[in-house]
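Q: Hi! Could you walk me through this structure while I have it open on my screen?
A: Happy to, just bring it up and ask away.

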Amino acid sequence: MEKGAVLEMRGICKYFPGVRALEQVDFTLREGEIHALMGENGAGKSTLIKVLTGVYPKDGGEVWLKGSDDPIHIKSPQDAQNHGIATVYQEITLCPNLTVAENMYIARTKGAFTNWKQINRDAGKLLDELGIPANPAEQLGNCSIAVQQMVAIARAVDMDCKVLILDEPTSSLDEQEVQKLFKLMRDLKAKGVGIIFVTHFLEQVYEVCDRITVLRDGQLVGEYIIEDLPRVQLVSKMLGKDFDDMAEIKSNSDAEKIDYNSTPVYEAKGLTGTTGIKPFDFEIHKGEVNGFTGLLGSGRSESVRAIFGADRVIGGTVKIDGEEVKIRKPLDAMKHGISYLPEDRKIDGIVGDLSVRDNIILALQVMRGFFKPFTKAQAEAFADEYIKLLNIKTASSETPIKSLSGGNQQKVILARWLLANPVYLILDEPTRGIDVGTKVEIQKLVLKLAAEGKSVTFISSEIDEMIRTCSRLVVMRDGKVVGELKGDDLNQNKIMATIAGGESK
Amino acid sequence: MKKLVKLLVSSLLVAAMAIGVCACAGSGKGGNGGGNKLIKVGIINNDPNESGYRTANDKDMKATFTEANGYEASFYYSLKNEEQIAAAQKFIQDDVDYLLISAAGTSGWDGVLEQAKKAGIKVILFDRTIDASEDLYEASIVSDMAKEGEQAVSWLASQNLPEYKIVHIQGVMGSSAQIGRSGALDTKVAAESNWSIVTQQTAEWSEETAQQIVQAVIDSGESFNVIYAENDNMAKGAVAALDKANISHGVGKDVIIIGFDCNSWALQELVDGNWNYDGQCNPFQASYIDDIIKNGAKQKVVIMEEKGFDATTITADDVTKYGI
Amino acid sequence: MTTSENELSSGNSAKGFFSKLVSNQLFIPLAALLLLVIFNLIADPTFFKISLEPSSTGYFILSGNLISIIDNASELAILAIGMTLVTSASGGQDISVGSAIAIAGSVVLRVVKGYSDGISGGEFAGIMIGAFLLCVAVSALFGAFNGALVAYFKIQPMVATLILFTAGRSIAAWINNNENISINDMRFGYFGNFLPAIPIPTPVFISALCMIIIAVVLKVTNLRLYSQAVGINASSSRLNGINPKTIKLLTFIILGVCVAVCGFIKVSRTSSITYAVIANNIEMDAILAVALGGNNLGGGKFNMTASILGAYVIQFLTTTLYKFKVSSSAISAYKAVVVILLIIMSAPIVRKWITDQKNKRAAARLRKEAA
């Protein structure tokens, strides 16, 4: 083993039927370092993590841990934990119906008797140390997603791990929470813990990591010290081709072409929902890309859900092309040409066991009606068209959507709503948790749709993306619209200031 | 309504007592005036929907324990032992004079019967026995299922067939009717060399299942000349299978049909000569109970008289009198 | 990645056939059926004998074990249709179908009993149609009751249907004042037995008709897509414009109609009803049929053909057990064995083992290729 290394993986191979998920991959993690594992979706990051944590048995190669003379065999996640390898997954894997403290200690209570008072006290202390705003006795399901994530990390931290794996831990955290997490990571690093950090946020990699290992198509591209690898090069290594930086997408200044005096495609006055947002006015014009922004919980998703009729609407008027309409349920919105790609792909977007084909045609099929199913040939034609158009990587259109990578699942949902041929398309976090290449594709697509005369609402927690794509931003705070930014105001500082509430209209 | 009745009854009682007092004072005779007092009985039975037997049983009870006969009867139905026990407790609180029980299960009754005894309430079991000390109840009126089986089997033996090849369709395994009726046949078959069982399966009282079982026997081409079905419904299902296969049955035909329970329609089949024998399982315990309440119990276990009907001797009167 | 896929698919077409067969949903019921056929062939080939002989009505009819099987499985096959849909959309099962059949049958008898004797063919047909329609309406109503509890009150299907499971037989008895009804008109028995001069049992035609109808319905409507989508992800379905509540309710109503048909056949078979035992335990067989068809009892995707095939497998097993005179009380034990096998086969740990084996083979192959 290399000196100073806590973990070494050599020549790791993993095969699935028809796929070489990992081929001869090496990976080394040193004591007290934060090591980013980068790659596009399907590059093999998740598989490597799952081999390391014992979820998948490996088909070849060796795993060495500091302090053991022989290669170790990790048989199960429990076994990995016993070896001091702790993992925090992107999806919360805790039990929402238990309390925070119970979740933190459940795996380690031994025997029939447990001193819950003691445990609550311990949990409270640890949470305080880590600056996590959670009450140990609170039921976990009642906490925000961000807090749940932090609790998962706290739980892993308390396991006295040597290797901590953070798989997309920041995807549901806001900036402040991310900073707390980074502080925590640095503290742990100082204690000599090796941290594997899997993320799609390039910024964060450069902010906190020491080293980067890049995978592509199940193979190792290389391991780099962070200073030696500029951003553009990292992206090009991940994509496997020279890439003109992401700045390639620029808002083509189409903004000037939008006629703000025309009748809005969609117009709401005093729209009132039941999900804690204040009544708001909103309009969008032909060919416009607008965005809703704000911190987590500011009400940006709730607003667009109200527009689509996804949650119950109890007040306000809605006009489509100047004519008053009633939108009470999603089908009403769909029939008026509104499409909505929901924030949570897993819960609200995909229909997991259904094929890619059925997932693509679903919305259009529902609009067409219960008694008018598409023939198999028609459905097949639609599916093939959009698989090609959006470059969806799938074995066939018969493949269940759940077996696709996150980015490709998102493209399928996008295909579904494009197929519905909307005049107004709402995309809530379409780029979350997907790889850089797909992110860029989606942003380009949004601009292309707008150029074709469609109206788009684009929501992203990455302000960069919003600036690149939107011509107008609605800023929200605490369930209220607090500002609207356009033109020159669309810059990072101004947006941040509006979100934070330093200056508002 | 019930309240009204209660009010009426109690005011009647008060009036009767007042008259009684007056009468006593007056002549010292006519003490019988108090005899108008109704006997309060709490009747705990199984759900009348359970079977035709139970329906007939319930009708009989309702017909007997009327005000005209000097009773004030409350009824409770359940197929669950615990619910029945709870109902018994309630009746004890209501201070009934007699508790009449057809228990759903045999165990768990000791406690509540003790309570009844302490409260001076007399208990009479009907139709079903329980596992409890005999001191705890006045009498138990039951059918002897084994005797029913023996009657049927001895009738069958009296037919003097050269050979008995029997399709035996059983009821729900472990029920007292099944045990009694199967036992008699099993004993006979084991004893006689010319008696044999072609098939012996449970149809769980269901005619469709009985039909399927007999169908399977016919389809496999085995010959048989007796169908011994442990209730009428199963006999009916078996006959349906025979009809389908054009096998004749009944008096003087290829296959002898034996059923139990004496449903009216089954007795009619006997009259028509389609079946040969039907054994009674007497559901009419009410008159026995009435007798015990009014005249006292002569023995702990009263076994009811039960008939077996032969198709050659049955009369139309029997159908109306004994059919349920 | 794409190249390796191509290599794989071109190199293994022969091998692919078997694994494709095994992974097909029809494999389990077909294999079970084959096993039963082979067993019977070895044990007693006369099991498969079919003969054409006159019945007591004077007409020639087909008889034999195979005929008995397809005849007696009719109700189960019809129920399996509805149960599959309910399972798919609501992720649970309706355990009240046996009791509901009692109600349906009781309704039919209630209508027919007043008229049955000595009326003309035309009148009789009218009464039968009326009885059937009323029975469909009542059963659909009870189905809607169950469905409403599940869809609108979000009660687990098994719990929701427990109500009717408990009360159904009493309701059935109440409909006819708890009388034992026997219909003497021969014609009433046509639907559960044989039509004059037709050698095949009528229930076979009825069940075939039901299968055709459901096939057509699945073809000309989006029932399959909707109920699967709702069963897999109700939240997502709603955002795609489907109303999950309506779909769940609809599947329960369809099951109600299936129940009505079954009740109608059942009372016609014997021209009478025994409230306590009619269609006893049929709910368990219907659920077993769905499971035997390899359908996920937790809802979602379904294969209708497999469920129906499952129903016939169960009847095949039952008839085989009767035929071999398996000791009376042991029949349910044999069915239990089937259930255990099914549960084990569908358990995640076994599934994982099977895919692991597959993966291992694939891995070995890839390594060889690489070498």
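**A chat about the model**

A: Let's start with a helix pair: in chain A, A:Val356, A:Arg357, A:Ile360 and A:Ile361 of helix 12 meet A:Ala379, A:Glu380, A:Phe382, A:Ala383 and A:Tyr386 of helix 13. Keep in mind that this is a predicted model.

Q: Switching to sheets. What is the strand order in the four-strand open sheet of chain A?
A: The order is 11-10-13-14, and the pairing is antiparallel. Strand 11 (280-284) and strand 14 (323-325) of chain A are the edge strands, each pairing on one side only. From one strand to the next, the twist averages 20°.

Q: How many bridges are there between strand 10 and strand 11 of chain A?
A: Four, with strand 10 (residues 266-273) and strand 11 of chain A paired in the antiparallel sense. To find your way there, look for A:Ala268, which stands opposite A:Phe282 in strand 11 of chain A.

Q: Which strands does helix 9 of chain A lie across?
A: Helix 9 (residues 300-308) of chain A lies across strand 10, strand 11 and strand 13 (313-320) of chain A, and runs at about 110° to strand 10 of chain A.

Q: What about the open sheet of three strands in chain A, what order does that have?
A: That one goes 2-1-4, with antiparallel pairing. Strand 2 (19-30) and strand 4 (60-65) of chain A each have a single partner strand, so each has one side without a neighbour in the sheet. Here the twist averages 10° from one strand to the next.

Q: How many bridges join strand 1 to strand 4 of chain A?
A: Five bridges join strand 1 (residues 5-16) of chain A to strand 4 of chain A, and the two run antiparallel. A:Leu7 stands opposite A:Leu65 in strand 4 of chain A.

Q: Moving on to chain B: how is chain B divided into domains?
A: Chain B has domain 1 (39-142 + 285-304) and domain 2 (145-281). Their C-alpha centres lie 33 Å apart.

Q: Now the interfaces. How many residues of chain B are in contact with chain C?
A: 35 residues of chain B are in contact with 32 residues of chain C. Helix 2 (52-64), strand 7 (195-202), helix 7 (207-219) and helix 8 (232-244) of chain B each supply at least two residues of the side that touches chain C. Helix 7 of chain B gives the largest share, seven residues. That side of chain B divides into eight nonpolar, 18 polar and nine charged residues.

Q: And how many residues of chain C are in contact with chain A?
A: There, 28 residues of chain C are in contact with 32 residues of chain A. Helix 1 (2-11), helix 10 (223-232), helix 11 (234-239) and helix 16 (348-370) of chain C give two or more residues each to the side that touches chain A. That side of chain C has twelve nonpolar, twelve polar and four charged residues.

Note on methods
Residues numbered from 1 in each chain as written. Chains lettered and ligands numbered in written order. Predicted model: local features only at pLDDT ≥ 70, side-chain atom pairs only at ≥ 80, totals over all residues. Contact = placed C-beta atoms within 7 Å. Nonpolar A, V, L, I, M, F, W, Y, C, P; charged D, E, K, R; others polar. Domains from an automatic or database assignment. Pairing = 2+ DSSP bridges. Axes fitted to C-alpha atoms, helices over the stretch in contact; angles between N-to-C directions.
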